[in-house]
Amino acid sequence: MHIPDGFIDIPTSAAFAAVAAVGVAASLKGAAKSLDEKTAPLAGLTATFIFAVQMINFPVAAGTSGHLFGSVLAAVLVGPYVATLALSVVLLLQALLFADGGLTAAGLNVFNLSLVGVWVGYGAFLLVKKILPKNKPSITTAATIAGFISVPAAVMGFVLQYAIGANSTFSVTAVFAGMMSAHVLIGVGEAVITAFSVTAVMASRPDLVYGYRGTKAQLEIRKA
Amino acid sequence: MKNPLVVVGLVLSLVLAGGLSYYASSEPDGFEKSAGEIGFLDTAEDSPLADSPLAEYGVAGVENERLSGGLAGVIGVASTAAISFGIFYTLRRFNKSRS
């Protein structure tokens, strides 16, 4: 879901770019607090891996493909602040190096994937994690469900942008319905890739997984 | 680098972007497809960078499609890694100086 230039008018794009910039600035602060010697390499890997996997479009229906967003994958592995930065690096590089996604539209894309996808997705992860047993498989289950939810959440970001400042005049209801139905199967793909990736990291280095370390900390507090 | 997970992950990223991407679906993604069906796809404008040497995940001047896409993928992985590791290691230092 890389919005090209032209879909959304310039004033709206500029406003969302400003919001995106504030979000990224706040995340720089938050990320500085959470990164240490062990998690900084995982953060770099997460951004790189998401770039690579986003190149692999998978078929979802006749004549349609989809690719990973990566918002929840990043948020669960390295935390939402670092995830916001990781997704922003990927999106900006794609726009600048590969002309994938527009330039005036860059703020729209960062808003949808780095802010809405990451934070709504991470919120969903925390909620699902709360109602599941406190163990390792629950982390993967919660990440999988949240991965699915993050896709329509990010799509809602675009629908909002369309409603505020589209350069075309189709009804917002039609845009909502069309975009949502086009992204259901992409959400399933998102869930599957998120599940595989989180499982692999949980199997090898669970101590590095941000969404899991939180669980352990909570347990320790209760014991004391 | 002490962490084997990071080494394996970076190698996997290179294989995905540099090799497997050739087999990726070339159909439009759900977003583009849906924009076309609803009817506003034609309001899209080319990126000002649409003629840049790596536009559309290919390397300008490299005729072989597999090589062109694979090279673009490797350049993308290397650039993403350089920038993101740079940012996150720098931020980590801020953390260190604070504690």
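Select A:Ser88 to start: this residue is buried, with a relative accessible area of 6% (buried means under 20% relative accessible area, exposed over 50%, partly exposed in between, with a 1.4 Å probe and protein chains only). The model is predicted, so local features need pLDDT of at least 70 and side-chain atom pairs count only at pLDDT 80 or more, while totals for chains, interfaces and linings use all residues. Residues are numbered from 1 along each chain as its sequence is written, chains are lettered from A and ligands numbered from 1 in the order in which they are written, and side-chain values use heavy atoms, with hydrogens and water left out.

**Around A:Ser88**

A:Ser88 sits in helix α4 of chain A (helices are DSSP runs of H or I with at least four residues, strands are runs of E with at least two, and both are numbered from the N terminus). Show its side chain: it reaches the backbone oxygen of A:Thr84 at 2.6 Å. Leaving aside neighbours within four places in sequence, A:Ser88 is in contact with A:Val24, A:Val110 and A:Ser114 (contact means heavy atoms within 4.5 Å).

**Chain B**

Next, select chain B. It has 3 helices and 0 strands, in the order α-α-α from the N terminus. Its radius of gyration, taken over C-alpha atoms, is 18 Å, well over the 13 Å that the globule rule gives for 99 residues, so chain B is more spread out than a compact globule. That rule is 2.2 Å times the number of residues to the power 0.38. The C-alpha trace of chain B spans about 55 × 30 × 25 Å along its principal axes. Of the 99 residues in chain B, 41% are buried.

Now pick B:Ser79 in helix α3 (residues 65–98) of chain B. B:Ser79 is buried, at a relative accessible area of 18%. Its side chain reaches the backbone oxygen of B:Ile75 at 2.6 Å. Not counting residues up to four places away in sequence, B:Ser79 touches A:Leu93 and A:Leu97.

**Between the chains**

Show both chains together. What area is buried between chain A and chain B? About 5,100 Å², of which carbon and sulfur atoms give 73%; buried area is the accessible area (1.4 Å probe) that two parts lose on being put together, summed over both. In chain A, select A:Phe7, A:Met55 and A:Phe98, which lose the most area to chain B, together 13% of what that side buries. The contact takes 69 residues from chain A and 57 residues from chain B.

Between chain A and chain B there are 0 salt bridges (a side-chain nitrogen of Lys or Arg within 4 Å of a carboxyl oxygen of Asp or Glu). The rule finds 10 residue pairs in polar contact across this interface, both at pLDDT 80 or more.

**Last stop**

Which residue forms a salt bridge with A:Asp207? Select A:Arg205: the closest N and O atoms of the pair are 2.9 Å apart. A:Arg205 is partly exposed at 23% relative accessibility, and A:Asp207 is partly exposed at 29%. Over all chains the count is 1 salt bridge.

Key. A polar contact is a pair of N or O atoms within 3.5 Å; within protein, one must be able to donate a hydrogen and the other to accept it, and residues adjacent in sequence count only if both atoms are side-chain atoms.
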